[in-house]
Amino acid sequence: MYSSQFQENGRQIGSSSEPELKSQQAGTVRVEVEDDRTGTSLETLKRAFTDNLLYTQGKYESIAALHDYYMALAYTVRDRLIQRRIQTVKTHIEQDVKTVYYLSLEFLLGRQLGKNLLNLGLYDSTSQALTELGIDLEELIEQEAEPGLGNGGLGRLAACFLDSLATLEIPARGYGIRYDFGIFHQAIHRGWQIESPDLWLRLGNPWEIPRPEYRVEVKFGGHTEAYLDTNGYYRVQWLSGQTVFGTPYDLLTPGYENNTVNSLRLWSAKASEEFNFQVFNVGDYNRAVADKIFSENISKVLYPNDNTPQGRELRLQQQYFFVACTLHDIIRLFLRNHDNFDCFAEKVAIQLNDTHPTLGIVELMRLLVDKYLLEWESAWEITRNTFAYTNHTLLSEALECWSVDLFGRLLPRHLEIIYEINHRFLERVKQKYPHDLARLRRLSLIEEQSEKSVRMAHLACVGSHSVNGVAQLHTKLLKQDLLRDFAELCPQKFNNKTNGVTPRRWLLLTNQRLVELISEQLGQNWIRDLEGLRQLENLVGHSSFCDRWHQIKQDNKQELADYILRHNKIKLNLDSLFDVQVKRIHEYKRQLLNVLYIITLYNQIKANPRLEIVPRTFIFGGKAAPGYYLAKLIIKLIHSVADVVNNDPDVGDRLKVVFLANYNVSLGEKVYPAAELSEQISTAGKEASGTGNMKFALNGAITIGTLDGANIEIRQAVGEENFFLFGLTADRVTQLKARGYNPRYYYDTNPSLRQAIAQITSGYFSPDDLDLFRPLTDSLMYRDEYLVFADYQAYVDCQERVSQAYLDRKQWTRMSILNVARTGKFSSDRTISEYATEIWNVKPVPVELENYSQESANLKIKKLTN
């Protein structure tokens, strides 16, 4: 089916529903034919949607559910993505472009329907088309299950980067794992986190395209055998003990209002032998499917609990499976246009998103040396010039190390290659530092403890041509502390790339009221260049603009309050300050500091029920790793404090405490526009960057935070007067610990802190189990690794400054506007531009769509090949 678009002098002026319009040239009419799979007129969109409901979902309107309508619309949008994807691939192949391959174990994508409509420029027209059919687009968006393919900032950053890569028209492909059950679904039962499988694939995923023809065989275990080839060269053969297949699924990632559609390829583990008939027929039913269970466990969940030997083994299997599939695929793509590896590093840029994909360095060496028979030196030169490494942590315990015994059992050939890399590397170090054995031990890829282990961050540094941090302070501390020896050895490798967030997801989609207000005043050029928001500074003195800005924040608060009333059964005071801390639950992120302040405020009210305070709504959200007991206990403490505070008549609606269960991207889209105070209170020197801080600022929240991660750069950008600063600096933290930090001193000398800790310890918030929270208070009293006590009073004093500022609505609104106006730097477009020019050496490649015609729609097959 087709619709006709009438054009005059090549300009579209109508659709098939309009009367025929004749051109002015000799009375002729030119008709443009629009394909139902690619057309964008209202009538074509409605017809395509209806066709997909009937012929893809197999439903008609009387029996179709809302989810069927969602699926039909998703397939309608996907068709338009595929058209652009095909043209993108053709352009990239024809021009033999250099391509970026972004490797990450996490991609926290969020829902795809709204984002894809926005980037295609079809959001409003699709909404109108559906309205004419009696369907609400927002209801369909809510039907989409969110892919739980990430845990927090790392995975969300990767998703933002995919969006910016396509928007900047950079040839790129992401690679990850298609986890069957994602991270996990978080429920709260009596204040405790309960994990269950995230069944995001239960009703199918219309956005993915299976590619079984590109299946990859992955080996594990076995042993190696050395031999001399016919030319007398030393070679090694890996004889594996077990094999798994990786099947790829592609998700399409469109750029914003251009024709580039890149892809994210996710690998799913499948058994080499699904079912053993011989074993089944003799009655051993479990063993008949044992290979299937072993294989498919690899891609079941993100980050299996590594508190057991089995969990650690599964994690290593997962990481190798990922890079083995990915490197095989990258080489296959490269060899489409090339018959040797001479220009591999000139055509391929591989970015490692943290240490998880570092085995890719060893796998590329194995393939080049063992399979493609390159000399070691040539293979190493190619490998080192291909890989770049992004570090995302300053926590030494988060730098992955794998037992040599485990490595040797699962990946015997890779362990040999690692030893050879290490030997050659340390020989080079000896030449520069001939008598420094301590430095050799520190730099070695092998940690020589009671149990030898492979240091993956060291391998990433040695095997990459670039090592970058993700905020100025983070990069500085990497070079000064965590990776100091590597920075001294190869200072030219180290650079900073401050993180950013995509304004498409985190402003255009999430805060449409604010976008409309800004665009009324500035036009729409700022959407392409976020630095254009600086023009808002000229409007902070306009009372009518400020009043509308304030009202938009109130409207957004109302929407979040409605959600909380439905899901948490808590009614919020809209005049209260919405004080928000949503992030992964971890001791260094210091949710405990926030809780101590809540208890302090509560105690002030109990001491003087008539006390006048600025009303506050404290909103938490985030998941704790299943094996992290103290983090799960923090969640329980938040709920226990909430139970007391929210139900105390002396408090009323002056204080409320809310925990948002199963916090994810979709929930974040409700939270960020409504937030007024952004809690970024990690211990200085512990947070690599943070991106939640950027999303909050971009939506007009004001930050209370330490000089940690990207907080420093946000404060510099928005102005010191528009940021609430407290706490020790990273240098002061180091000095205090070096002197011998004594948390008991702060406890003994601060009555408010002492009272709060005593209440937690005594069971005031847990009357049914008086000792429930003693592990938390003991960790603070006797260790306090993250200096909660040391920063407590500074935090309380800073919060008082927040309250005083909030009393002046005009001043608070001014601060909010300036936060938005000055956060243009924190667009992921800027970050990706820096990666592209300074690390990857890639350039934008515009994609032009071919005009549709019935003649061009026919295939022109020259020769069929198997």
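Reader: How many bridges join strand S24 to S25, and how do the two run?
Author: Bear in mind that this is a predicted model. S24 covers residues 677-680, and one of its residues, Glu-679, sits opposite Ile-704 of S25. The two strands run parallel, and the number of bridges joining them is four.

Reader: Which helix does the chain pass through as it crosses from S24 to S25?
Author: S24 and S25 are parallel, and the chain makes a β-α-β crossover between them. That crossover is right-handed, and its helical part, residues 692-698, is H27.

Reader: Are the residues of S25 buried or exposed?
Author: The strand spans residues 702-705, with Ile-702 and Ile-704 pointing one way. Thr-703 and Gly-705 point the other way. Whichever way they point, these four residues are all buried.

Reader: What is the bridge partner of Ile-704 in S26?
Author: S25 pairs with S26 too, in the parallel sense and over two bridges. S26 is made up of residues 724-725. Within S26, Ile-704 has as its bridge partner Phe-724.

Reader: Which are the edge strands of the open sheet?
Author: Six strands make up this sheet, in the order S23-S22-S21-S24-S25-S26, with parallel pairing.

Reader: At about what angle to S22 does helix H24 run?
Author: H24 is residues 591-607, and it lies across S21, S22, S23 and S24. S22 itself covers 616-621. Relative to that strand, H24 runs at about 155 degrees.

Reader: Within how many Å do the axes of H24 and H25 come?
Author: These two helices cross at roughly 15 degrees, which makes H24 roughly parallel to H25. Their crossing is left-handed. Residues that meet there include Leu-592, Val-595 and Ile-599 in H24, and Ile-634, Ile-638 and Val-641 in H25. The axes come within 11 Å.

Reader: How are H25 and H32 arranged, roughly parallel or roughly perpendicular?
Author: H25 (residues 629-646) packs with H32 (residues 774-782) at about 110 degrees, their axes 9 Å apart. On the H25 side, the contact is made by Tyr-629, Leu-630, Leu-633, Ile-634 and Leu-637, while H32 brings Pro-775, Leu-776 and Ser-779. The crossing is left-handed. Because of that angle, the two helices are roughly perpendicular.

Reader: Why does Thr-813 count as buried?
Author: Thr-813 is in helix H34, residues 809-821. Not counting residues up to four places away in sequence, Thr-813 touches Cys-546, Trp-549 and His-550. Buried means under 20% relative accessible area, and Thr-813 counts as buried because its relative accessibility is 6%.

Reader: What separates the C-alpha atoms of Leu-522 and Ala-269?
Author: Leu-522 is in helix H21 (residues 512-522) and is buried, with a relative accessible area of 15%. Leaving aside neighbours within four places in sequence, Leu-522 is in contact with Gly-532, Leu-533, Gln-535 and Leu-536. Ala-269 is 253 residues away along the chain, and the separation of the C-alpha atoms is 49 Å.

Methods:
Residues numbered from 1 in each chain as written. Predicted model: local features only at pLDDT ≥ 70, side-chain atom pairs only at ≥ 80, totals over all residues. Heavy atoms only, no water. Buried < 20%, exposed > 50% of the residue type's maximum accessible area, 1.4 Å probe, protein only. Pairing = 2+ DSSP bridges. Right-handed = clockwise from strand over helix to strand, strands pointing away. Axes fitted to C-alpha atoms, helices over the stretch in contact; angles between N-to-C directions. Parallel < 35°, antiparallel > 145°, perpendicular 65-115°, else oblique. Left-handed = near helix turned anticlockwise from the far one by under 90°. Contact = heavy atoms within 4.5 Å.
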